[in-house]
Amino acid sequence: MSRPESSAIRVAVTGVGIVCSLGRDQRQVWGNALEGRRGIEDLDLFETSGCLSRLGGQAPELAEMESLPREERRRASRTDRLCMSAALEAVRQSGLEGSPVLGGFGVSLGTSTAGMLESEIYCRESVEKGRDATRPTRVLRLPSSVPADAVSRLLGTCGPRLSNMTACASSALSIGMAADLIRSGEVSGMVAGGGDALCRMTYAGFNALRLVDSEPPRPFDATRNGLALGEGAGILVLEEWEQAQRRPARILAEFVEYGSSCDAHHMTSPHPEGRGAASAMAQALRRAGLAPEEVGHINAHGTGTSLNDATETQAILAVFGEETSARIPLTASKSLFGHLLGGAGGAEAVILVLSLLHQCLPPTLGWTAADPGVRLDMVARASRRHSFSLGMSNSFGFGGTNCTLLFRRAA
Amino acid sequence: MSRVVITGLGCLSAAGCGVDPFVAALASRRRLGEEQEVRAPRGRSRSLRVAKIPSFDRQALLPARKLRRMGEASQLWTLACREAHLHAGLDPSTAAQAAPPEMRGTFLGTGFGCTDTTWDYLEGVFRDGMATASPFLFAESVANSPAGHSSIELDARGACVTLTCGDASAAAAAIAGERALRDGRLELAYCGGLELMSPPLLHALASLAGPSSLGEGAACFVLETLGSARARGAHIFAEVAGSGMASDPLASATSWTARPEPIREAMRKALDSAAKLDPEKPDPIGKVMLHACGRPESDEAERRAAEAVCPGVAQDAVSSVMGTHAAAGGLALLAAALEVERSGSVLLSAHAWGGSAYALVLRSLAA
C-alpha cells in the first residue's frame with residue numbers, strides 16, 4: 001500500500017533509555033522483563049494506609065543523578081530525575097552525547113503529574129501548619145513543562161520544546177508529535193517520551209475510583225481486577241533517517257506513524273465499544289498505508305482493569321478482525337512494572353523497540369485465560385522468540401484520549 | 001498540505017464573558033484587575049494586581065447538570081469552546097456541514113492547569129486521609145480534564161491534546177493544532193489556552209521576584225482547513241501563516257532566571273522561523289504582538305529579538321491590560337487575531353520561564 005499522507009522523511013530511533021521498577025537502564029529492565037520478574041510490591045515511597053492496595057512499581061534510586069550540580073539536584077523533582085536519567089541513557093546509546101548535533105535537537109516529553117510528589121509537601125504543610133508557614137516555591141516544581149525543561153537543560157538542546165500532559169497518552173503523543181516535527185523538516189532530531197513519579201495524588205485517586213487491585217495486575221485475564229501504579233520514564237532519540245545513516249548511528253528501529261483520537265464519551269471510563277481506541281489504531285495504519293495483517297505484535301495499553309481491557313479487546317477485534325487478532329502476539333507491559341501514567345507510552349515504546357531489536361517478546365504476567373469467547377494470542381508466563389517487522393503500542397487515558405504508535409524493525 | 005484559518009473566537013477574560021468586552025478593554029488600554037495583598041513566606045506580603053475572570057451566569061450557557069460534572073477549569077474552557085463553536089457558525093443545526101466528529105480535535109494549552117481543583121482534592125487527602133479521596137475531584141485534577149469535557153460537549157473525536165509551557169502554553173497549543181490540520185490529521189480543531197490564578201498559585205508567585213500584574217483567561221479559536229471553511233461558507237478571521245519554536249537550554253526550569261543572550265537568541269529563532277512566509281506571497285508583518293511578561297531583562301531581550309526579525313515594525317502587548325499569565329489563557333493570541341483586520345499580518349511572540357520560545361504569524365486571507 002502507498003503512503004498517502006505522510007512526508008517522505010523517515011524517522012529513525014537511534015537511542016532508548018528507560019528507568020522503572022525493573023531497573024535503572026535498558027539492560028536491567030529488558031533482562032528482568034524477559035525473565036518475567038515482576039517489579040510490583042508494597043510501596044515505601046509514602047504512607048498508603050487506608051487504600052485498597054499498597055502495591056506499586058517503585059523505581060530504584062538513581063545514583064547517576066547524584067553527579068548533577070547541587071543546585072540542579074535541589075531543584076529537580078523525582079519525575080525530572082527519572083526523565084533525565086532515561087534521556088541521558090538514550091542520548092549515550094545514540095552516540096550523541098557531547099556532539100554539536102544534539103544542540104539542534106528538540107525535546108518533546110509527556111507527564112501527568114510532574115513535580116506533584118514534591119508539591120504535595122506544600123499542601124500537607126499548608127493543612128497542618130497553615131499556608132503562611134509553608135514554602136510555596138515547592139509549587140513551582142508542579143508545572144508539567146519542568147521535566148522537558150530539565151532534560152533540555154541537561155542535554156543542551158536549543159530546538160523546539162513540547163510538554164504534553166494528556167494523561168496516560170502523554171508520552172505516546174509526545175513521541176508522535178516529535179516525529180511530526182522531524183518529518184516536517186524543521187528539526188533533525190528530537191528527544192521524546194516521558195515519565196512520571198508515583199505520588200499521593202494519583203495513588204489516592206485511583207484508589208478512590210476503585211481501579212486498583214490489592215493483588216498484582218493480570219491484564220486481559222478473565223479474573224483481572226484492577227491496575228497497579230508504577231513510576232519511571234521511557235525516552236527515545238528520534239532522528240532523521242538519513243542523518244542517522246550519515247553519522248553513522250546504529251538504527252534500532254524506525255518510527256512509522258501514530259494515530260490519536262478522543263472517545264468524547266466519559267472522563268474516566270472508556271467508550272463501551274472501544275470506539276476511540278479503534279479509531280487511533282486504524283488512523284495510524286491508514287496514515288502509514290499499512291494493512292492490519294502487516295502488524296506482527298501489539299504492546300497493549302492493558303491496564304488490568306475490567307473495563308479497559310474489555311474495550312481494548314473490542315477495539316482490536318474491530319480493527320484487525322477475529323482471525324488476525326487471534327494470531328498477533330499481544331503483551332501488556334504494565335503487568336511487569338505497573339502503570340506509569342504519563343510515562344507509560346514512553347516506557348512501552350522503549351519495550352516495543354527492544355522487542356523489535358531482539359525479536360523477542362516479554363511475558364504478560366498473571367494471565368491464564370481470556371474472557372469467554374475471546375481469542376487473543378497472549379504472550380503469557382514466559383518470554384517468546386518472535387520474528388516480526390511491525391509493532392504497535394497503545395496508550396489510552398482519562399478524558400477519553402487515545403494514541404497508537406507504530407514502529408518497524410530497522411532494515 | 002492544507003492552509004489553516006481561524007473561523008471562530010471564544011473568550012473569557014477579566015473584561016467579562018465574550019470577545020466584545022475583551023475588545024473594549026483593549027481599546028481603553030485601562031489596566032484590569034484589583035490590587036491584592038498576598039501573603040508570602042516568613043510573614044511577608046506582596047501587593048499583586050490580579051485580573052480575574054468575573055462571575056457570570058454559566059447556566060445561561062450550559063445546563064446545570066453538565067456544569068455539576070465539571071471543575072472550575074473544565075467549565076471555563078468548555079464555555080470558551082462553546083462560544084467559539086457558535087461564533088464559527090457551528091451551532092448544532094449546522095454542525096453536519098462541518099468536519100465529521102473524527103476530524104474535529106482539541107488542543108488546549110495551560111501553564112498551571114487545574115491547580116484550584118487539585119488543591120481542594122489534596123487538602124481533603126491530607127486532612128481526612130487517602131482513603132477518603134474524592135473521585136470527582138481527582139478526575140477533575142487531571143490536567144486534560146478540561147479538554148476531555150469540551151470534546152464530549154462538542155463531540156470532537158479527533159486528537160485531544162493538552163500542552164503546557166508556562167505563559168506560552170496557548171501559543172504552543174495553537175501551533176500543534178495548526179500542524180495537525182496542515183498535515184491532514186484533522187479538518188477542524190478547538191485550540192487555545194486556559195489559566196486560572198488559584199490561591200496557592202498566587203501564594204507561590206508572591207514569593208518570587210516575578211511580575212506583579214497577573215491575569216487569567218480562557219480563549220478558544222476554531223481552526224479549520226481553508227477547504228472546510230470555504231465549503232461551509234464560514235467567515236474567516238485570519239490565516240495561520242507560519243509558526244516557529246526554539247529554546248534556551250541555559251534558562252532555569254523553576255525560576256524566572258534567564259540570561260539575556262541565549263533567551264534572546266531562542267526568541268529570535270522562533271520569530272524568524274515563523275516570519276518566513278511563503279516567498280511567492282511576500283507579506284510584510286504589520287505588527288508584532290510581544291509577550292512582555294514584565295521582567296525587564298526578558299522584555300528587553302524580546303523587544304530586541306523582534307526588532308532584529310521585523311525592523312521598524314510597531315510592537316504591542318496585551319499583558320499591560322490583561323496581566324502576565326493571561327497569555328497562557330490565549331488572550332495574547334486572541335488580541336493578535338483581532339489585530340489582523342487592522343494590520344494585515346501580525347507576528348505573535350510567546351515565551352515561558354523554562355526558556356521555550358514560540359511564535360505565530362496570523363494574516364488576513366486577503367493579504
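Start with the second largest cavity, which holds about 200 Å³ of space. A cavity here is a set of points on a 1 Å grid over the protein atoms alone where a 1.4 Å probe fits but cannot get out, and lining residues have an atom within 4 Å of a point. Grid points are joined across faces, edges and corners, and a volume is the space filled by probe spheres set on the points.

You're in a predicted model, where local features need pLDDT of at least 70, side-chain atom pairs count only at pLDDT 80 or more, and totals for chains, interfaces and linings use all residues. Residues are numbered from 1 along each chain as its sequence is written, chains are lettered from A and ligands numbered from 1 in the order written, and side-chain values use heavy atoms, leaving out hydrogens and water.

Select Met177(A), Asp180(A), Tyr258(A), Ala176(B) and Arg179(B): of the 20 lining residues, these lie nearest the centre. Next, show α7 (170-183) and β8 (253-262) of chain A plus α7 (169-182) of chain B, the elements that each give two or more lining residues. Helices (H or I, at least four residues) and strands (E, at least two) are DSSP runs, numbered from the N terminus. α7(B) has the largest share, five residues. Colour the lining by type and you get twelve nonpolar, two polar and six charged residues. Ala, Val, Leu, Ile, Met, Phe, Trp, Tyr, Cys and Pro count as nonpolar, Asp, Glu, Lys and Arg as charged, and the others, Gly among them, as polar.

Now hop to the largest cavity, with about 270 Å³ of space. Pick Ser112(A), Thr113(A), Met201(A), Ser141(B) and Ala143(B), the nearest to its centre among 25 lining residues. This lining has 16 nonpolar, nine polar and no charged residues.

Definitions and conventions: On a 1 Å grid over the protein atoms alone, a cavity is a set of points where a 1.4 Å probe fits but cannot get out, and a pocket is an open set with protein on both sides within 12 Å along at least five of seven lines; lining residues have an atom within 4 Å of a point.
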